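Here is the note you asked for on this structure. Please keep the sequence and the 3D view open while reading.

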Amino acid sequence: RLSPCAVLSSTPYRDGRDMAAEAAQYAQQGVRAFRMFPLYHKTEFSDPPVRAALDFLQSRGLPLWLDFDQPYYTFVQLGQHEHRGPALPAVERLAQDYPGLNIVVCAVNYNHNGQLLTLFGRCPNVRIETSLFQGLEMIRRVTEQFGPERLLFGTGLPSVSAGAARAMLMYSRISRRDKQLIAAGNLEKLLGEVRTPALPEQP
């Protein structure tokens with residue numbers, strides 16, 4: 001049941017790169033999800049090779065995960081003493097430039113709640129994964145205001161514990177159907193996967 005996710009990097013490690021052709025090759029090999037690290041790889045969304053790759057993803061209905069930082073990795077490896085999170089204004093510009101591209105933003109936390117709600121209101125093609133999404137009642141608020149489709153369960157493994165993300169979803173005051181969509185259904189729809197069978201009920 002593992003689905004590969006290809007990382008698209010604009011780093012010019014060789015001459016004559018065609019990022020759109022690379023994305024097409026990955027898609028032909030069965031890759032259904034793509035990921036970019038804009039800060040880590042110094043990605044400029046305005047660069048022609050990047051735009052060509054984004055055009056391809058949009059045309060094929062392939063979702064893009066945006067990981068603006070690897071906060072726990074960079075803290076350990078580079079000795080940084082601040083948490084750099086997602087640049088949501090940049091996400092908004094990208095989402096408006098590519099309205100048909102499903103964008104999943106990683107590592108959104110309670111510091112981003114105000115910006116996030118504004119972003120959701122302006123950009124229906126933006127979603128987040130929930131590994132660090134631990135604001136009080138935020139899962140319920142997003143579900144009621146924008147729909148459960150905006151949230152995809154994420155654990156953050158192996159750099160963070162999965163317990164907090166699991167508890168936030170389990171104890172959220174939303175319907176069982178909405179919990180199932182966030183836990184698996186929304187991701188399955190984005191990837192075109194078959195439905196994950198539910199585990200047997202446990203007391």
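Predicted model: local features only at pLDDT ≥ 70, side-chain atom pairs only at ≥ 80, totals over all residues.

1. The largest nonpolar core has 43 residues. Phe34, Met36, Leu54, Leu57, Leu66, Val91 and Phe133 are the members that touch the most others in this core. In general, nonpolar side chains tend to be buried together in soluble globular proteins.

2. Which residues does Phe133 contact, once its neighbours within four places in sequence are left aside? The contacts of Phe133 are Val108, Asn113, Leu116, Ile128, Met138, Ile139, Val142, Leu151 and Met168.

3. Val91 belongs to helix 4, and its place in the largest nonpolar core is among the members that touch the most others. Is Val91 buried or exposed? Val91 counts as buried because its relative accessible area is 0%, and the cut-off for buried is under 20%.

4. The surroundings of Val91 can be listed too. Not counting residues up to four places away in sequence, Val91 touches Leu66, Phe68, Ile103, Val105, Leu119 and Val126. From Val91 to Val104 the separation is 13 residues in sequence, and their C-alpha atoms are 9.6 Å apart in space.

5. Next, the second largest pocket, which holds about 180 Å³ of space. Its lining consists of 13 residues, and Thr43, Phe45, Phe68, Ala90 and Arg93 are the closest to the pocket centre. Helix 4, residues 88-97, gives the largest share of this lining, with 4 residues. Sorted by class, the lining has 8 nonpolar, 2 polar and 3 charged residues. Phe68, one of the residues closest to the centre of this pocket, is also touched by Val91.

6. How many disulfides does the structure hold? The number is 0. For Cys5, the closest cysteine sulfur is in Cys106, at 8.6 Å, so the two are too far apart for a bond; a disulfide needs sulfur atoms within 2.5 Å.

7. Cys5 counts as partly exposed because its relative accessibility is 37%. Cys106 has a relative accessibility of 3% and therefore counts as buried.

Notes
Residues numbered from 1 in each chain as written. Heavy atoms only, no water. Core = buried A, V, L, I, M, F, W, Y, C linked by side-chain atoms within 4.5 Å. Buried < 20%, exposed > 50% of the residue type's maximum accessible area, 1.4 Å probe, protein only. Contact = heavy atoms within 4.5 Å. 1 Å grid on protein atoms, 1.4 Å probe; cavity = no way out; pocket = protein on both sides within 12 Å on 5 of 7 lines; lining within 4 Å. Points joined across faces, edges and corners; volume = space filled by probe spheres on them. Helix = DSSP H or I, 4+ residues; strand = E, 2+ residues; numbered from the N terminus. Nonpolar A, V, L, I, M, F, W, Y, C, P; charged D, E, K, R; others polar.
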